[in-house]
Amino acid sequence: MTNASLVHIKDSIATQLLKVVFSVYIIITLTVTFAHLGTEFFNTKKKIVFELKVIGDTFGPSLAQALWDINLEQLQPMFLGMVNYPTVVGTKLINEHGVEIGASGVVTNTHGDLIMVGPDGMETSSGRHLGLFHHSFPIIHHRQGKEIRVGEAIIYSSNGVVFEKVKLGFYFIVINSIIKTLALWILFLWASRRFISRPLSALTDATQQLSLDRLDDFVVNIKTKGRNELKILEESFNRMVQNLISTRDDLRASYHRLELLLDSTLLLASVRSKIQALTRVTEIILRRIPFKSGIRAQFVFQEIASDGREGYISFEISLKEPPGDSVYLNFNDIHDLPHSFSEEFPAMEAEYCKQSRLTGCILKEDKLTLSAWKDKELLALIVFENVDQREFKVHDREFLETLTQYLAITLVNLDLIRHLESTIERQNKANQQLQIAIDHRKITEGILQKYEYIVGTTKELIGFLDKDYRYGSINESFLTALNKSENQIVGHSAVEIHGREVFEKIIKPHLDQCLAGEIVQYESWFQYEGIGRKYMDVKYFPFFENGNVTGVVVNGEDITESREREEERLRLEEQSFQSQKMESIGTMAGGIAHDLNNSLQSILMSFEIAFHELPDDSSFKKMLEIGYKNGIHARDLVKQILTFSRQEKAEHEPLRIDLLIRDSLQLLSSILPKNIEIRETIEENYKTVMGNATQLQQVLINLCTNAGDAMREKGGILTVKLLPCKIHSDQLDGRGLREGDYLKITISDTGDGISPEIRKRIFDPFFTTKPTGKGTGLGLAVVHGIIKNHQGDISLESEIGKGTSFDIFLPAIEADARQKNLDTESLSAGKGRILFVDDEKDTITLGGEMLSSLGYDVLGLTRSTEALDAFRKDPGRFDLVITDQTMPQMTGMKLSQELLKVRPDLPIILTTGFSDQITPEKLAEIGIKKFLTKPYSFETIIREIQNILDKA
């Protein structure tokens, strides 16, 4: 069906009318306005010319007399007087010889140019008065009855003055506009009748035809140009008529028994009740049949009550005069069902028994009786009184008989219509329910459209997967993430979109769980082509149809930022924990170092004394040598602990790196799994490096341990090589190295290798690939820092499936590494008085005995307060004081301060197992000469004693 909205705006009736109205309006307005202005302009210009002539006639005699007398003083006021007229823009005076003798205002010169002459006679150019025109007149002087021409005067005006006058015609323009507006409305009414009323009249006639059921060959003929609303209405109307014809034919087929009766009920087709049918018949009869004054009518008709009972209803009406166009009937006297016909109208029944029941119309005297029958059953009876028989014609009887037949058919049809209406009502109720369902579906569709918009614009990744893991739909955010079009996603499986490895390991297990009817949630890293690598919070919701799971709704939220924030928080917590742990280790290491160094001091002293006392050929000296070396090794271990806990500054010294490698590998052999083979390759051309043994050993153990972790499951080969090499200038390449000799340490494994992404960050602080709780991320960062602090470099080479190799470059030096051997032969005798203070009795005993054996006078005390008292009693008795730092009651630094108060030049050597409070600045401030860390050798302390006493 054609919709009126399909008419283009340029084809609509309104547009056509507007085109006509505005076109005519513009033409009328422009024509009237220009005609008026032209007429007014030319009329005004004629008036101004006439006014100039009058001014000339007025001033002519005075100008003639002044020129005759050659009185210039009299001429000047005249010029000004003429110029002061509103219509005058300038004047000019010429004598009898054609010479200009005066001018004022705007005039033309001899060349025709416009000039402006002021009161002082000054001339200036003027272009304001375009369209200048003038009136000239001769100046005649009358003398002795003769006319003598003494000159000529010219008075100028301009079109500008005319235009000013024309403005006064503005009211005329307003009136003219009103006239044009009225004309426009008249034209608009005409156009409306032409384009709207006439076609609508045709439609009205067609509607009346339709009401009379004239449907055969029915066509509405509306002459319209283009496809406008009326044309579409005509087409829709014709289609509606065709539908009605089709419906009528269906009814004829359904109710074939009533086919002849339906053709006879066109006159009463619009009634909906029997009372309306009787009313319609009464109206027709009262207008068609002649009546006298005082009309009375009685009605009886068969009716069926709502409860199914049958009976007759009767009522009557009375009219004083025959009705006009309208008939109003009073039904207040209608009786309820049931009523007996014979009881209501006994005389009338007897009368009808004598007449033929097929007649349907009886006129007797002034009473007209009409009866409607169905077979032998009376349907209705109408009796009219005061009928004018003289005016009653034969065709009136024929008309009434036909009308009565129509009434009978209508009454029968009304019963059928009631049944149809009941059926239609039930159908309407069903249609209403259907419409409610349709409206509900429309509302649902609207809600779905809103949800579709919300889903389409959300940042979350939303999609639908069927039971075959194929995408059925996907939102815009998902398309953006995958960097694909909808056709590339919808209908394709998740394996095609995400790859088989990701699908099998991550997606499929959760999808299967969801297809089993569970809501699934998990978090994982995904690589998207459009947005990169993201950490997603994924939720799977089962989609139910008829109680069965037919698919999965996928909802993915990007939580990369929160994940990174959480990882950063955990990293900071771990870093804080590591710092606290290192601080705790440092505190514990300090306490252990103090006690252990004190014990080692006694042990090493015992070895030195025993070694010194034994003869040179004693077999025990070899065993003492071994014990002494182990004591030195224990001392170095304590230093390593302190350095690792960052409680002691790492000192660099010449090192044999080959020995350090062998010691480290010997330690690792008991740590690494048995399925890992350790191979070492060390050239015999040894060289030395300047470094810290503890830190370099930490590097070796860290790298070897990582290599072992890479091969822990499958086993493999750990290879450590030490080779000398030379770095040339063209090999530096910004590595922070200098040209020269280096020792290259290579640590390689046969593990799975390291990916390029991890290799880029391998030396970053706190970066680790180990599970949470099994790595801090500090190892390789510390290794890198240690090697750089040794002026070296570390590099990495790795290939997936072929293992990893670290190359370490350390600068080589020519110096020899010091060997720590037990040798007391170099100790020489000395002289001096020493106050030796230490809370360890063994240290006092052993140290005092050794110093005494070398010739020193030693006073050993275990309490600092006793030492202070002994010194105060005789300050000049002692040449040197050796005191321990950590002692009860008074520390070594406090004791030193008290001793120096008594004797400021006293040399003092301070010793300690460990103290983080001792700094060179504090020692210098107090005045302590030397500071030694336990355990120290006799060689060291004797050398320091001799240096101090020799200087003294």
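Predicted model: local features only at pLDDT ≥ 70, side-chain atom pairs only at ≥ 80, totals over all residues.
The largest nonpolar core comprises 35 residues, and Ile657, Ile661, Leu703 and Ile745 have the most contacts inside it. Two or more residues each are supplied by the helices α16 (657-668), α17 (693-710) and α19 (779-789), and by the strands β18 (676-682), β20 (716-727), β21 (740-749), β22 (793-799) and β23 (803-813). Of these elements, α17 gives the largest share, 6 residues. Around Ile657, with residues up to four places away in sequence not counted, contacts are found to Val689, Leu696, Leu722, Leu743, Ile745 and Leu810. A separate core of 34 residues lies apart from this one; among its members are Ile284, Phe392, Leu400 and Ala408.

Of the 10 residues of β21, 8 are buried, so the strand is largely enclosed by the rest of the structure.

Two packed helices are described by the angle between their axes and the distance between the axes. For α21 (residues 864-873) and α22 (residues 892-902), the axes come within 10 Å and cross at roughly 5 degrees. Because angles under 35 degrees count as roughly parallel, α21 is classed as roughly parallel to α22. The contact is formed by Ser864, Ala867, Leu868, Phe871 and Arg872 on the α21 side and by Leu895, Glu898, Leu899 and Val902 on the α22 side. By class, these residues are 6 nonpolar, 1 polar and 2 charged.

Most residues other than glycine have a negative phi. Asn386 is not a glycine, yet its phi is positive, at about 65 degrees; this residue is located in strand β11 (residues 377-387). Gln889, also a residue other than glycine, has a positive phi near 70 degrees. Gln889 is placed in the loop between β26 (880-884) and α22, the latter being the helix that packs against α21. With a relative accessibility of 60%, Gln889 counts as exposed, because the cut-off for that class is over 50%.

Methods
Residues numbered from 1 in each chain as written. Heavy atoms only, no water. Axes fitted to C-alpha atoms, helices over the stretch in contact; angles between N-to-C directions. Helix = DSSP H or I, 4+ residues; strand = E, 2+ residues; numbered from the N terminus. Parallel < 35°, antiparallel > 145°, perpendicular 65-115°, else oblique. Contact = heavy atoms within 4.5 Å. Nonpolar A, V, L, I, M, F, W, Y, C, P; charged D, E, K, R; others polar. Buried < 20%, exposed > 50% of the residue type's maximum accessible area, 1.4 Å probe, protein only. Core = buried A, V, L, I, M, F, W, Y, C linked by side-chain atoms within 4.5 Å.
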